[in-house]
Amino acid sequence: MTVSPIDRVAAKTPSGVARRIKGFSDRTIAWIFVAPTVFLLLAVNIFPLIWTIRLSFTNFRVNRPNNDVEWVGLRNYQRILTDPDVWNTMQATAHFLIWTITLQVLIGFILAFLINKKFKGNDMWTTIIVFPMMLSPAVVGNFWTFLYQPQIGLFNYVIAFFTGADPASFSMIGDVHLAPWAIVIADTWMWTPFVMLICLAGLRSIPDSIYEAAECDRASKWRQFWTITIPMALPFLMLAVLFRGIENFKMFDLVVQLTGGGPGNTTTLTSIDLKREAFEKWRTGYSSAYAVILFVTVFGLASIYVKALNKVKER
Amino acid sequence: MITFLRTFISSLLQFRRGSWEMLATIMIALGVFMLMQPFLLGLYSYSFIVTLVGTVMFIIVSHFPE
């Protein structure tokens, strides 16, 4: 008779321990296994969150740990919510969010729709399109800084070729009106492949039999697109919007590398502003309140989005 | 419209999840709009409290019966 590894382990377990384990219910044993993960989650996620909320009501500065910490109540929140500079930062973030998500979803879906067609070199094109997503945001930031150079940058030459303008006459990252678009273009270039992959998964999950049935019913390609493709790919599209929305709300590295938040404060997104308050001005209490405001906003948006996603999936 | 409002209010009074969730969703969306709109600083100042109330309400009412 063969002895299984479980039997061997059981045989080596001291009889006292074995007796005690046998006395445990299934529920207790399950909790013993889950406890380390729960503890880790509490320590890494929940404790810092509670600590941040507590700090947001104080004037604590992490670079002056020996100073007395005063309870300031809602003063930090009041300062943030009446500061026109923070308000401008929120608007810059809104501009970045709305345009990147719109462009990425539109271009990503079109690319996925085209790649989903059966043609020669399909896999090669998918790999080429996905390439920007594999790069580090710091590399992409540097790369686009060179592309946007007014004297030698390829981007200015392409624009000049189509418009007839002098390539050196405009600077994408030095102009207050163009810089917000410069970060939108770079982020769209980098993350559209991600949206494309999610949409491609959605399109490939639609069974061919549905299209065949529609063909039998003489439905036009246009009608098939609006009544089969879009509704069945919608949960995937919504998932892509959720992922990109949360990620872009926290956008930091690419923008810092590309514009550093300038010129002026035109591309200072909330995460960049928050980092400056926390680790350059060392206003820990103030930046904690800032972080709580951003957290509540993202959490609220994610909650209603997940609810909408579940409703779409139920249909 | 009046019928919809009447149904909506009566289901709010009966603590039904659907209507309360809708109210919480509207509050969150309104709060986020107020936070990021470029028109009035006053709206921006009250955005956080609207979003916070909406989010807390959403968490509570998601445990209400259907």
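A crossing of two helices is called left-handed if the near helix is turned anticlockwise from the far one by less than a right angle, and right-handed if clockwise. Keep that in mind for the helix pair below.

The model is predicted, so local features need pLDDT of at least 70 and side-chain atom pairs count only at pLDDT 80 or more, while totals for chains, interfaces and linings use all residues. Residues are numbered from 1 along each chain as its sequence is written, with chains lettered from A and ligands numbered from 1 in the order in which they are written.

Let's begin where the chains meet. Here 17 residues of chain A are in contact with 18 residues of chain B; contact means C-beta atoms, placed from the backbone, within 7 Å. On the chain A side, α5 (84-115) and α14 (284-314) each supply at least two residues, and α14(A) gives the most, with nine. Helices are DSSP runs of H or I, at least four residues, numbered from the N terminus.

Now look at α14(A) against helix α3 (residues 41-61) of chain B: they pack at an angle of about 45 degrees, with axes 9 Å apart. Axes are lines fitted to C-alpha atoms over the stretch in contact, and angles run from 0 to 180 degrees between N-to-C directions. That angle makes α14(A) oblique to α3(B), oblique being what is left after under 35 degrees (roughly parallel), over 145 (roughly antiparallel) and 65 to 115 (roughly perpendicular). The crossing of the two is left-handed. Among the residues making this contact are Ile293(A) and Phe299(A) from α14(A), and Phe48(B) and Leu52(B) from α3(B).

Technical notes: Contact = placed C-beta atoms within 7 Å.
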